[in-house]
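Here is a brief report on the structure shown below.

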Amino acid sequence: MAGRSSRERGYALYLIPGVLASLAVIVVPLVMTVYVSFTKWTGVGDPRWVGFDNYTRLFGDTLFWQSFGNIGLLVFAMAVIPTLLGLVLAAVLFDYVGKRFGDRWAGLFRSGYYLPQVIPVAVTGIIWSWILHPGYGALNRILEAVGLGGLARNWLGDPDYALYSVMLVMIWFQIGYPVVMFMSGLSRIDPSLYEAADLDGATWWQRFRKITVYMIRPEFYVVLITTTIAALKIFGQVFVLTKGGPSNATLVPSYFAYKNFFEKAQVGYGSAISTVLTVLIVVLAFLFLRLQHRSEELR
């Protein structure tokens, strides 16, 4: 026992750098942000304590609620749709492409879907800005070339279309992550389960619903929670594509906080926005984890 305790203390030494880094990068900034959210501060001089004034103003701010309405649609585009499409694509690549054409082709498609995840956000934003440009953009040029010029739009400059255009870009950007995660989950399913289903005359869809979806539920929860958090935190793509415009049509909470921090020098108000967003993310993560834990207990 003494030797074991000594080894555990030795292992604990290796945790110290990570703990210190977490304190410096996560805990201290979070505490400071919460504190500043109760003050009025321009970023220069001493903050002035104002209590809950920033939160009172926040919950009465129509732009704040508009940003949360927009983020709700982006959660649908970044979490719900990619998770469902990724599940189907992973099953097709694993069950059909991999078995008929070989794992190399399945891996090639998987890498292609995942490629947007490894391209810098600024690069993908600039590329899609070119594609969706109203004048020389590839999308409008293609529509004109096939005789559908009447459908050409200012995709990122029209308030009626800007948010939906960003949603489509985010579906393209996000779909590779669920595909990779689900294909990894599919690889651990016992093939005898599929063989037994085939002997019983089950169709592909029945196998998919009864075996695939059931067996990869852990990956399903991981994908759903991580993509939801990523959607709630989205900033870079909106900053590059639209900067929250036009007319705040694509404004999201993180960019709303950024504008108050750096453009309006209302650091206390921006901190209040960030604090509310952080609380929302923590609550949703807790609910997802509880749901996953309950689901595992019922298995």
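Helices here are DSSP runs of H or I with at least four residues, numbered from the N terminus. By that rule, S67 is found in helix α3. The model is a predicted one.

**Domains**

The domain assignment of the protein gives two entries: domain 1 spans 2-27 and domain 2 spans 61-298. Their C-alpha centres lie 35 Å apart.

**Nonpolar cores**

The largest nonpolar core holds 43 residues. Those with the most contacts inside this core are L58, I71, L74, M170, I234 and V252. Several helices give two or more residues to the core: α2 (53-59), α3 (62-101), α7 (162-174), α11 (217-232), α12 (236-241), α13 (253-263) and α14 (267-298). Another core lies apart from it, with 19 residues, among them L87, A106, I189 and V223.

What does I71 touch, not counting residues up to four places away in sequence? The list is A231, L232, I234, V252 and P253. Two of these names, I234 and V252, are also among the residues with the most contacts inside the largest core. In general, nonpolar side chains tend to be buried together in soluble globular proteins.

**Helix packing**

| Helix pair | Angle | Axis distance |
|---|---|---|
| α3 and α4 (residues 103-118) | roughly 150° | within 7 Å |
| α10 (residues 204-215) and α11 | about 60° | 5 Å |

Take α3 and α4 first. Their axes cross at roughly 150°, which makes α3 roughly antiparallel to α4. On the α3 side, the contact is made by L89, L93, V97, G98 and F101. On the α4 side, D103, W105, A106, F109, R110 and Y113 take part. By class, the residues of this contact are eight nonpolar, one polar and two charged.

Now α10 and α11. These helices pack at an angle of about 60°. V213, Y214 and M215 in α10 meet R217, P218 and E219 in α11. The contact has four nonpolar, no polar and two charged residues.

Is S67 buried or exposed? S67 has 0% relative accessibility, so it counts as buried. Leaving aside neighbours within four places in sequence, S67 is in contact with L251, V252, P253 and F256. V252 and P253 are also touched by I71. S67 and S254 are 187 residues apart in sequence, yet their C-alpha atoms are 8.8 Å apart in space.

T242 sits in the loop between α12 and α13. Its relative accessible area is 13%. The cut-off for buried is under 20%, so T242 is buried. Beyond neighbours within four places in sequence, T242 is in contact with L156, V166 and T250.

N140 has its place in helix α6 (residues 138-145). N140 counts as buried, because its relative accessibility is 2%. Which residues does N140 touch, not counting those up to four places away in sequence? They are H133, P134, A152, R153 and W155. The C-alpha atoms of N140 and G150 are separated by 9.4 Å, and the two residues are ten apart along the chain.

How values were computed
Residues numbered from 1 in each chain as written. Predicted model: local features only at pLDDT ≥ 70, side-chain atom pairs only at ≥ 80, totals over all residues. Heavy atoms only, no water. Core = buried A, V, L, I, M, F, W, Y, C linked by side-chain atoms within 4.5 Å. Buried < 20%, exposed > 50% of the residue type's maximum accessible area, 1.4 Å probe, protein only. Contact = heavy atoms within 4.5 Å. Domains from an automatic or database assignment. Axes fitted to C-alpha atoms, helices over the stretch in contact; angles between N-to-C directions. Nonpolar A, V, L, I, M, F, W, Y, C, P; charged D, E, K, R; others polar. Parallel < 35°, antiparallel > 145°, perpendicular 65-115°, else oblique.
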